[in-house]
Amino acid sequence: MDKYSFCSGCGVCAAVCPINNIEIIKINGSLKASKIGNCLKGCNLCEKTCSLNDSSFLEDYGFKEKIMGKALKCYAGHLIDDNSRISSASGGLTTGFIEYLMDEKIIDAVICVKKNSGENKYSFFIADTVEKVRESKGSSYYTVSANEVLKRIEGDDKKYALIGVPCLIGSIKKAKTLNNNFFKNILYLFSLSCGQMMNHNYPNYLMYKDNYKNEVDWEICFRCKNPKETANIFYTRIIKNNKILVNKSCSDQYPIWKYYMFTQESCLFCEDFFGITADITLMDAWLPQYYSDWKGNNIVIIRNKDLLNQFEKFAKSKAYIKEIDESDVIKSQSSRVNDKKNVLSGRLYLAKKNGINIIRNTKASEKSLTDNAVYIYESFKCNVNSNIYIDNILKQKKLYVSKILLKFYEWKIINLDKNYIIRKLYESYYGRKTS
């Protein structure tokens, strides 16, 4: 497992290992699966269940025809209850629908993540009451391993739903396909759309940048709403004892996210944004008609007939929903769709050209690589492993040059101190110094 430099650390391999020979470790802030001792001869369950090791299985779920997979129906909308809606990351439909399934005794509990104030800022847990479900509200752009919780539920007679990101959902789905005894008490898989997850260094960087280097026991909320802003402007807040220490708008953080500065490496080569193996996928409604509503709205893709029936029953009394076309779903996530269809191909091209070993069987087409991406690479073959060289280029104050340099860093063509790159990017983008 140590060879998997692009592991997401989801933990499914550790959960299914018959001899408990895999642990999830943290390397430079990123979670990775690591082998403890010798494996069983001919087992390879870890490789077989990993959704990032071989992504060709996505074709079984319609990926070749549609990047969002096979949908029965798609909806946009939000909870009727304003308080629950406002305290959620988007329109509150994820939490609201889970509560409905528990009230109706369709599931007994949900496996999801919640905030912590310790070293790991989020962790998976089992929410078996509505109150615990509400504790887990919000989005976590933070890598979390599910292996301990998945082991804990093994063999019990409860009925679960699980909420996770596409790589975790895909690995669970592969495991269930390989052996129907794996996770058989997880009845429904809920995916949140995901373009990237931040590693554990990102919150620490935000604290460091705002001169809170020595603070401990704080929590981070990645998606906080502001009634004075539109829905697509949200804030990341770090809070300790009800005091806000850090409050950054999404525009403040734009360069960090845009150039993947703290992104888990596996996200750079993952093509499943929509969680197409899940029974249901939920995401933000990033469409013009919903921007003005700061309280937030969801888009929901439903692929399971039983869940579709239950969702429509739930919505009759608990939510305002409107059926939308699949083209609107794609439009709402257009930048991420472009990233997965085109930019990903550029990364694959450059990684392969520079000998980076990606343990994947990705179906992203290298033919969609644009001529411009090839031109950028071919034009900047010169040595860029020099801070002086980067300083001189950034003095031109052309943002596209910064993009090129950061893409080179992302593709491992240059190997500079990451904090130096971040500082220089901010200076180039905002035109001001940063510590």
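Me: Which holds for helix 4 and helix 11: are they roughly parallel or roughly perpendicular to each other?

Reply: Two packed helices are described by the angle between their axes and the distance between the axes. Here helix 4 (residues 93–103) and helix 11 (residues 305–318) pack at about 100°, with axes 10 Å apart. Helix 4 and helix 11 are therefore roughly perpendicular to each other. The classes are: under 35 degrees roughly parallel, over 145 roughly antiparallel, 65 to 115 roughly perpendicular, and the rest oblique. Axes are lines fitted to C-alpha atoms, for helices over the stretch in contact, and angles run from 0 to 180 degrees between N-to-C directions.

Me: What kind of model is this?

Reply: It is a predicted model, in which local features need pLDDT of at least 70 and side-chain atom pairs count only at pLDDT 80 or more, while totals for chains, interfaces and linings use all residues. Residues are numbered from 1 along each chain as its sequence is written, and side-chain values use heavy atoms, leaving out hydrogens and water.

Me: How many helices and strands are in the protein?

Reply: There are 17 helices and 13 strands. Both are DSSP runs numbered from the N terminus: helices are H or I with at least four residues, strands are E with at least two.

Me: Which residues of helix 4 meet helix 11?

Reply: Contact means heavy atoms within 4.5 Å. Leu 93, Gly 96, Phe 97, Tyr 100 and Leu 101 in helix 4 meet Leu 307, Gln 310, Phe 311, Lys 313 and Phe 314 in helix 11. By class, this contact has 7 nonpolar, 2 polar and 1 charged residues. Ala, Val, Leu, Ile, Met, Phe, Trp, Tyr, Cys and Pro count as nonpolar, Asp, Glu, Lys and Arg as charged, and the others, Gly among them, as polar.

Me: Is Gln 310 buried or exposed?

Reply: Buried means under 20% relative accessible area, exposed over 50%, and partly exposed in between (1.4 Å probe, protein chains only). Gln 310 has a relative accessible area of 16%, so it is buried. Not counting residues up to four places away in sequence, Gln 310 touches Phe 97, Tyr 100, Leu 101 and Ile 106. Across the protein, buried residues make up 55% of the 435 residues.

Me: What is the order of the strands in the sheet of 8?

Reply: Two strands pair if DSSP finds at least two bridges between them. The open sheet of 8 strands has the order 5-4-6-7-11-12-3-13, with mixed pairing. Strand 5 (122–127) and strand 13 (319–323) are the edge strands, each pairing on one side only. From one strand to the next, the twist averages 25°. Inside this order, strand 4 (residues 109–115) and strand 6 (residues 160–164) run parallel and are joined by 3 bridges. Ala 109 stands opposite Tyr 160 in strand 6. Helix 7 (residues 166–178) packs on the sheet and touches strand 5, strand 6 and strand 7 (186–192). The direction of helix 7 makes about 155° with that of strand 7.

Me: Where does Asn 211 lie?

Reply: Asn 211 lies in the loop between helix 8 (201–209) and strand 8 (219–224). Its phi is positive, about 65°, although Asn 211 is not a glycine. Asn 211 is exposed, with a relative accessible area of 63%.

Me: What does Val 12 touch?

Reply: A nonpolar core is a set of buried Ala, Val, Leu, Ile, Met, Phe, Trp, Tyr and Cys residues joined through side-chain atoms within 4.5 Å. The largest one has 45 residues, and Val 12 is one of those that touch the most other members. Not counting residues up to four places away in sequence, Val 12 touches Thr 49, Leu 150, Leu 168, Ser 171, Ile 172, Ala 175 and Phe 183. A second, separate core has 29 residues, including Ile 98 and Phe 125.
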